[in-house]
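Please keep the sequence and coordinates at hand while reading.

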Amino acid sequence: MTQPPQPLTKRQPGSGGAQDLGESSGSRACSDEEPTALELLLVDDEEDFRESAAQYFRRMGHHVASVGSACEALAVVKTRQFDVAVLDVHMPETDGVDLLPRLLDEDEHLQVLMLTGGATVSTAVASMKAGAIDYVTKPIRMSDLELLIRKAARTGALKRENERLRNVIRRQHSGPPMVGDSPAMREVTSLIDRIAGSDKPVLIEGESGTGKELVARQIHAKSSVADRPWVVINCAALPDALLESELFGHERGAFTGAVATKPGLFEMADGGTLFIDELGELAPMLQAKLLRVLEDGIIRRVGSVKERKVRVRIVAATNRDLGAAVAEGQFREDLYYRINVLRLVLPPLRERVGDLERLVVHLVGRDWVVDQEAWDTIAAYHWPGNVRQLINAVERAKLLSSDRTIRRENLPPEILAATAAKVAQGAETPLGAVGDDLESLNRRHVWEVLRRVGGNKAEAARQLGVHRRSLYRLIARYGLG
């Protein structure tokens, strides 16, 4: 009759070797569905037991490091990454419970199993508080121990994947960088840093194209819920009935076409941030429902009598003057004051002195050149569509360029027409009324680039998009030498 597997015990003096493991060399602790080799660390001061266990796990296909002291364990984790460590609790000098947090300081993703022959409740509690994923007592079958090791490895892999996804989400939420060093943009950046840590509603005001969603993303990315959901809705893009369903969800049969229950964006954003763009376009009935969410976090799906509690940070944006809309009766006064807790006003591009040049250099990229006539045209235009219009203009110019040089003719017709009219008007005004302003802009741009690169002429020429000889002529022309 086949004997049942023997439990794993520490080897006593004079006892056998590998047979104490209770497994034959041909057995397999895990199914063939989990053949992945793991990086294991075994820490036990009894050499026979430690080496026997290491031999077993190597036969199972794992990569094993076996050490006999806390000092050796700390040394090996500095040079090698492990999936799971199995620590003996009772060891001389430094025991497993004291070693555990020191190992986790070296590798926070390490999963640790505590193994002991004399379990006590206090030791088990101390181990779990210190970060152990499990606590097992001897004797234990090697097959059972390997199952626990694989379970611990899966937990560690999920934690690492979760952290990776959170980092990806955080990078996606942060959006493209905010370019600009004008006093107005420095004030915006300072406000973002100050309000990001709050959970109060934020109202972002500014003309169309000033970058309200980008600022909202920055607020979320710097908040305490940066790894939580980021959800966006544009109130101007949907009719009122559909907007209500999108925001609050609906029950099956609530209206024609509601063939299934659907959670709303408030539920999807629970624990994170909901960005409501074009808030000024919200219908009065939806304004009342939004006010209730802001006051007590309660929502109700369309067609439902059940109330749900959500915790969502609201960031709203508008290009309208909501104060004027309140005075005209087009926006609820109570909602205005409830959502206008933290207010941030974005400056139009025409008020961001010096940022136009920085934005163009950033948008064009390293390998492109902007000739002087194109620079003059860009600087002379008033950019009513702000940064969004500038982005579209640069993208169009790059597509129409045949040699990675942006020229005046590559710019959109409305910009060429506006600047041509401005120059024509300037010809009828006193000399210098237009030309001197444009010359000042060019001089300031060259000086700013030279200052930013510490006087490095080659780098300044690259950023300006001109040849080095042309840069020297500009320096002499503007008296910057």
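## The sheet

Two strands pair if DSSP finds at least two bridges between them, and strands (E, at least two residues) and helices (H or I, at least four) are DSSP runs numbered from the N terminus. This is a predicted model in which local features need pLDDT of at least 70 and side-chain atom pairs count only at pLDDT 80 or more, whereas totals for chains, interfaces and linings use all residues. Residues are numbered from 1 along each chain as its sequence is written, and side-chain values use heavy atoms, leaving out hydrogens and water.

Five strands, in the order β2-β1-β3-β4-β5, form an open sheet with parallel pairing. Because β2 (63–67) and β5 (134–137) stand at the edges with a single partner strand each, one side of each is left without a neighbour in the sheet. Strand β4 (residues 111–116) is joined to β5 by four bridges, and the bridge partner of L115 in β5 is V136.

## Helix α6

Helix α6 (residues 183–195) has 13 residues and spans 19 Å from its first C-alpha to its last, close to the expected 18 Å, a value taken as 1.5 Å times one less than the number of residues. Its residues M185, V188, I192 and I195 are buried, that is, under 20% relative accessible area with a 1.4 Å probe and protein chains only, where exposed means over 50% and partly exposed lies in between. The face of α6 turned away from that buried side carries the exposed residues P183 and R194.

## Cysteines

The structure holds zero disulfides, a disulfide being a pair of cysteine sulfur atoms within 2.5 Å. C71 counts as exposed because its relative accessibility is 60%, while C235, at 3%, counts as buried.
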